[in-house]
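Subject: Structure handover

Hi,

Here is the structure I promised to pass on to you. Please open it alongside this email.

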Amino acid sequence: IIVRMFFLYSALISVYRKYSFQFQGVLNDGAVCVSASVKFDHPVYFQGKGKVVLSDNVRLGYWLAGSRTLPIILQPRDAVAVIKIGAGTAIVNGCELIARKSIQIGENCRIGARTSILDADFHAIDPRKRHSPGKTEPVLIGNNVWIGNEVMILKGVTIGDDAIVG
């Protein structure tokens with residue numbers, strides 16, 4: 001009976017986190033498209049005004065992974081920004097995906113704790129122009145990609161199918 005109660009509790013927490021994430025999207029004037037089978041096994045925050053698409057069987061967080069105190073942050077900053085995560089992909093605790101245009105992750109990918117994926121510089125490099133938005137290029141990650149812990153993926157990067165990045 002204790003095992004059943006644990007699974008029921010976990011399922012209820014996942015549902016609460018899903019609705020909380022969707023509500024954050026509304027509060028930020030963003031858009032959230034979440035498949036019914038997405039599992040929110042860790043706190044996930046929506047920040048920004050863009051769109052997040054979570055496909056079938058995406059899993060966000062893992063109780064045995066590191067960084068238990070760090071949330072997953074999905075931040076489509078601008079209204080035109082889209083973060084799309086393919087079916088069967090798992091993103092572990094402490095990851096940050098921040099887009100001004102586009103971050104697209106394929107199906108069945110594994111993304112380790114504290115990974116950062118950014119599609120922009122967010123400001124110019126020249127000290128006299130640091131108030132300007134800087135360069136932005138989409139990030140594309142193929143299918144069945146394994147990205148290890150603490151990896152940083154920057155603007156304009158394309159990672160092909162079946163790759164391992166550590």
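Below is what I found in it, grouped by topic.

First, the ground rules. This is a predicted model, in which local features need pLDDT of at least 70 and side-chain atom pairs count only at pLDDT 80 or more, while totals for chains, interfaces and linings use all residues. Residues are numbered from 1 along each chain as its sequence is written, and side-chain values use heavy atoms, with hydrogens and water left out.

**The sheet**

Helices (H or I, at least four residues) and strands (E, at least two) are DSSP runs, numbered from the N terminus. Two strands pair if DSSP finds at least two bridges between them. An open sheet is built from 6 strands in the order 1-4-7-10-13-16, with parallel pairing. Its edges are strand 1 (31-34) and strand 16 (158-159), each of which pairs on one side only. Within the sheet, strand 10 (residues 102-105) runs parallel to strand 13 (residues 139-141), and 3 bridges join them. Glutamine 104 has leucine 140 in strand 13 as its bridge partner.

**The aromatic cluster**

Rings of Phe, Tyr and Trp (its six-membered ring) pair if their centres lie within 6.5 Å; planes under 30 degrees apart count as stacked, over 60 as edge-to-face and the rest as tilted. The whole structure contains 2 aromatic pairs. In one of them, phenylalanine 21 and phenylalanine 40 have ring centres 5.6 Å apart and planes at 45°, so the pair is tilted. Phenylalanine 21 belongs to helix 1 and phenylalanine 40 to strand 2 (residues 39-40), so this contact ties together parts 19 residues apart in sequence.

For exposure, buried means under 20% relative accessible area, exposed over 50%, and partly exposed in between (1.4 Å probe, protein chains only). Phenylalanine 21 is buried at 0%, and phenylalanine 40 is buried at 1%. The rings of phenylalanine 21 and phenylalanine 46 lie with centres 5.8 Å apart and planes at 70°, so that pair is edge-to-face. Here helix 1 is linked to strand 3 (residues 44-46), with phenylalanine 21 and phenylalanine 46 lying 25 residues apart. Phenylalanine 46 is buried too, at 2%. Phe21, Phe40 and Phe46 make up one aromatic cluster.

**Salt bridges**

With a salt bridge taken as a side-chain nitrogen of Lys or Arg within 4 Å of a carboxyl oxygen of Asp or Glu, the count is 5. Among them is aspartate 78 with arginine 100, whose closest N and O atoms are 3.0 Å apart. That pair links the loop between strand 6 (72-76) and strand 7 (82-85) to the loop between strand 9 (96-99) and strand 10, 22 residues apart. Another joins arginine 114 to glutamate 150 at 2.7 Å. Arginine 114 is partly exposed at 29%, whereas glutamate 150 is exposed at 54%.

**Cysteines**

How many disulfides does the structure hold? With a disulfide defined as a pair of cysteine sulfur atoms within 2.5 Å, there are 0. The sulfur of cysteine 33 lies 18 Å from its closest cysteine sulfur, in cysteine 109, which is too far for a bond. For cysteine 95, the closest is again the sulfur of cysteine 109, at 12 Å, also too far. Cysteine 33 is partly exposed at 41%, but cysteine 95 is buried at 0%.

Best wishes
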